[in-house]
Amino acid sequence: MTLLIVGAGGYLGSELARQATASGRPVAGTFATRPGSLPGVAWLPLDLRERSALDRVLDEVRPDTVVNAAYRQADWGVTAEGAVRVAMAAAERGLRLVHVSSDAVFSGARVHYDEGAAPDPTTPYGAAKAAAETAVRLLTPTAAVVRTSLILGDGDSGHERLVHDLAAGRRDGVLFTDQVRCPVHVADLAAALLELTERAHSGTFHVAGPDAVSRHELGLLIARRDGLDPAAVPAGRRADVDGAGPADVRLDGGATRRLLRTRVRGATEFLAPGA
């Protein structure tokens with residue numbers, strides 16, 4: 001009962017691999033540039049832009065379940081076409097597929113989006129994620145498509161590092177006061193994804209935190225947890241920057257919460273000092 005994690009070398013993928021191996025599950029993980037360091041994982045290189053490369057991995061691993069956590073924001077070939085290849089292969093081989101998507105598939109026009117909301121992307125990355133979702137649903141109707149939001153952790157996520165760099169003056173930029181998301185802790189998201197690999201639920205799921213906060217509010221929470229000066233966290237307005245992405249996208253995961261055992265914490269909880 002081997003689990004194949006496509007994109008196991010990434011931030012979410014590595015946490016998925018860690019939790020799965022800790023539970024005693026056989027795990028294989030793919031990487032784009034270099035293998036991870038987690039022991040107990042069979043690491044394999046994979047370029048999702050090549051169908052033959054995916055077939056070679058599947059022939060070697062022979063998994064029963066695949067989680068696709070791979071993406072590149074500026075690469076349609078990986079984010080969209082790569083996801084199509086994974087879905088096609090899962091359908092041909094009768095594999096359970098859990099596909100990771102994003103709140104980037106939404107424009108923010110409605111603000112609140114439940115699991116039944118149709119994508120209306122306004123960015124190239126959102127369009128790639130929406131195309132991937134469509135392919136997964138059509139090619140593998142038994143798959144689980146999981147939309148999520150900003151992924152944070154215990155100091156090691158990209159957004160947390162950005163806040164430290166901005167506060168220390170190592171990077172230029174601001175955190176928007178008018179761009180709102182529903183952040184999720186990487187451990188909670190990984191646990192929910194692994195739960196979906198073990199259950200036969202299909203359709204679209206929203207795994208995001210219950211707290212809707214602006215990027216700047218999130219930066220202040222990180223600063224207070226980590227002992228940084230909140231006044232050093234620069235603020236700005238998304239409305240003043242071209243191409244900054246949707247303003248306010250809030251994933252409503254009520255139906256998902258009622259279905260899954262995994263409890264997903266909000267940012268004010270998992271970023272509280274001493275949490």
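Me: Why is Tyr71 called partly exposed?
Reply: Tyr71 counts as partly exposed because its relative accessibility is 45%. Buried would need under 20%, and exposed over 50%. The model is predicted, and the value is computed from it.

Me: What makes Tyr125 buried?
Reply: Its relative accessible area is 13%. The limit for buried is under 20%, so Tyr125 is buried.

Me: Why is the pair of Tyr71 and Tyr125 called tilted?
Reply: A pair of aromatic rings is described by the distance of the centres and the angle of the planes. For Tyr71 and Tyr125 these are 5.8 Å and 50°. Centres must lie within 6.5 Å to pair. Planes under 30 degrees apart would be stacked, and over 60 edge-to-face; the rest are tilted. Hence the label tilted for Tyr71 and Tyr125.

Me: Where do the two partners sit?
Reply: Tyr71 is in the loop between β4 (65–68) and α3 (76–93). Tyr125 is in helix α4 (residues 124–139). They are 54 residues apart, so the pair links distant parts of the chain.

Me: What makes Phe106 and Tyr113 a stacked pair?
Reply: Their ring centres are 4.0 Å apart, and their planes make 15°. Stacked needs planes under 30 degrees apart, so the pair is stacked. Phe106 is buried, at 0% relative accessible area. Tyr113 is buried too, at 1%. The whole structure holds 2 aromatic pairs.

Me: How do you know that Ser107 is buried?
Reply: Its relative accessibility is 17%. Buried means under 20%, so Ser107 counts as buried. Ser107 lies in the loop between β5 (96–102) and β6 (112–113).

Me: What makes the link between Ser107 and Asp120 a polar contact?
Reply: The side chains of Ser107 and Asp120 are joined at 2.6 Å. The cut-off for a polar contact is 3.5 Å between N or O atoms. The side chain of Ser107 also reaches the backbone nitrogen of Ala109, at 3.1 Å. Leaving aside neighbours within four places in sequence, Ser107 is in contact with Tyr113, Asp120, Thr122, Pro246 and Val249.

Me: Why is Ser149 called buried?
Reply: Ser149 has a relative accessible area of 9%. The limit is under 20%, so the label buried applies to Ser149. Ser149 is found in the loop between β7 (144–148) and β8 (151–152). Its side chain reaches the backbone nitrogen of Cys182 at 3.3 Å. Beyond four places in sequence, the contacts of Ser149 include Asp103, Arg181, Pro183 and Leu251.

Me: Why are α3 and α4 called roughly parallel?
Reply: Their axes cross at roughly 10° and come within 8 Å. Roughly parallel needs an angle under 35 degrees. Therefore α3 and α4 are roughly parallel to each other. Among the residues making the contact are Trp76, Ala83 and Met88 of α3, and Tyr125, Ala128 and Leu139 of α4.

Me: And what makes α5 and α7 roughly perpendicular?
Reply: The axes of helix α5 (residues 158–168) and helix α7 (residues 215–226) cross at roughly 75°. The range for roughly perpendicular is 65 to 115 degrees. Therefore α5 and α7 are roughly perpendicular to each other. These axes come within 10 Å. His159, Glu160, Val163 and His164 in α5 meet residues of α7 including Leu218 and Ile222.

Me: Why is Arg62 called exposed?
Reply: Arg62 has a relative accessible area of 64%. Exposed means over 50%, so Arg62 is exposed. Arg62 lies in the loop between α2 (51–61) and β4. Its phi is near 50°, a positive value in a residue other than glycine.

Me: What makes Val111 partly exposed?
Reply: Val111 has 23% relative accessibility. Buried would need under 20%, and exposed over 50%. In between, Val111 counts as partly exposed. Val111 is in the loop between β5 and β6. Val111 has a positive phi of about 70°, although it is not a glycine.

Technical notes: Residues numbered from 1 in each chain as written. Predicted model: local features only at pLDDT ≥ 70, side-chain atom pairs only at ≥ 80, totals over all residues. Heavy atoms only, no water. Helix = DSSP H or I, 4+ residues; strand = E, 2+ residues; numbered from the N terminus. Phe/Tyr/Trp six-rings, centres within 6.5 Å; stacked < 30°, edge-to-face > 60°. Buried < 20%, exposed > 50% of the residue type's maximum accessible area, 1.4 Å probe, protein only. Contact = heavy atoms within 4.5 Å. Polar contact = N/O pair within 3.5 Å; in protein donor to acceptor, adjacent residues only side chain to side chain. Axes fitted to C-alpha atoms, helices over the stretch in contact; angles between N-to-C directions. Parallel < 35°, antiparallel > 145°, perpendicular 65-115°, else oblique.
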